[in-house]
Amino acid sequence: ARERLATDLLAQAEQQRADGRLDAARTLYQQALEADPANTRAAARLGQLQQDARDEATLTEAERLLKAGQLDQARIRVSQVLMANPSSQAARALSE
């Protein structure tokens with residue numbers, strides 16, 4: 001029963017994430033983990049959401065630095081994101 005609840009919550013979380021409702025998705029992933037603490041998929045997705053939030057904040061800072069003419073500092077921020085997430089399209093766009 002707990003695994004079924006976690007599976008249902010994961011499905012809802014995936015839909016929320018796909019719709020761009022990241023806070024709602026985060027809550028649902030957390031609920032799935034509470035229902036089934038051994039659920040590695042929920043843990044991984046929650047971790048990815050947290051990494052995505054960190055990357056977004058870092059890239060926002062990089063954009064601010066670029067506008068301020070601080071190119072070296074901006075490159076460092078972009079590199080940090082690319083090291084954590086080499087497929088980040090936003091980071092790649094800023095690195096060009």
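Which residue just after helix 1 takes a positive phi? Gly-20 does, with a phi of about 85°. The model is predicted.

**Helix 1**
- Helix 1 runs over residues 2-18, a stretch of 17 residues. At 1.5 Å a residue it should span 24 Å, and its end C-alpha atoms are 24 Å apart, so the two values agree.
- Ala-6, Leu-9, Leu-10, Ala-13 and Gln-16 are the buried residues to look for here. They lie on the same side of helix 1, because they cover an arc of only 125° around the axis.
- An α-helix has 3.6 residues a turn, so residues three or four places apart point the same way.
- Arg-4 and Ala-18 sit on the other side of helix 1 and are exposed.
- The cover over the buried residues of helix 1 includes helix 2 (22-35) and helix 3 (40-67).

**Helix 1 against helix 3**
- Two packed helices are described by the angle between their axes and the distance between the axes.
- For helix 1 and helix 3 the angle is about 25° and the axes are 11 Å apart. Angles under 35 degrees count as roughly parallel, so helix 1 and helix 3 are roughly parallel to each other.
- Their crossing is left-handed.
- From helix 1, Leu-10, Glu-14 and Arg-17 make the contact. They meet Arg-41, Ala-42, Arg-45, Gln-48, Leu-49 and Asp-52 in helix 3.

**Helix 4**
- Helix 4 covers residues 71-84, which makes 14 residues.
- Ala-74, Val-78 and Val-81 are buried in helix 4. Their arc around the axis is only 55°, which puts them on the same side of helix 4.
- Asp-72, Arg-75 and Met-83 are exposed, on the face turned away from the buried side.
- Helix 3 and helix 5 (89-95) are among what covers the buried residues of helix 4.

**Helix 3 against helix 4**
- Helix 3 and helix 4 pack at about 160°, with axes 8 Å apart. That angle makes helix 3 roughly antiparallel to helix 4.
- This crossing is left-handed.
- Helix 3 brings Gln-51, Asp-55, Thr-58, Leu-59, Glu-61, Ala-62, Leu-65 and Leu-66 to the contact.
- Helix 4 brings Leu-71, Gln-73, Ala-74, Arg-77, Val-78, Gln-80, Val-81 and Ala-84.
- The buried residues Ala-74, Val-78 and Val-81 belong to this contact.

Methods. Residues numbered from 1 in each chain as written. Predicted model: local features only at pLDDT ≥ 70, side-chain atom pairs only at ≥ 80, totals over all residues. Heavy atoms only, no water. Helix = DSSP H or I, 4+ residues; strand = E, 2+ residues; numbered from the N terminus. Expected span 1.5 Å × (residues − 1). Buried < 20%, exposed > 50% of the residue type's maximum accessible area, 1.4 Å probe, protein only. Arc of directions from axis to C-beta. Contact = heavy atoms within 4.5 Å. Axes fitted to C-alpha atoms, helices over the stretch in contact; angles between N-to-C directions. Parallel < 35°, antiparallel > 145°, perpendicular 65-115°, else oblique. Left-handed = near helix turned anticlockwise from the far one by under 90°.
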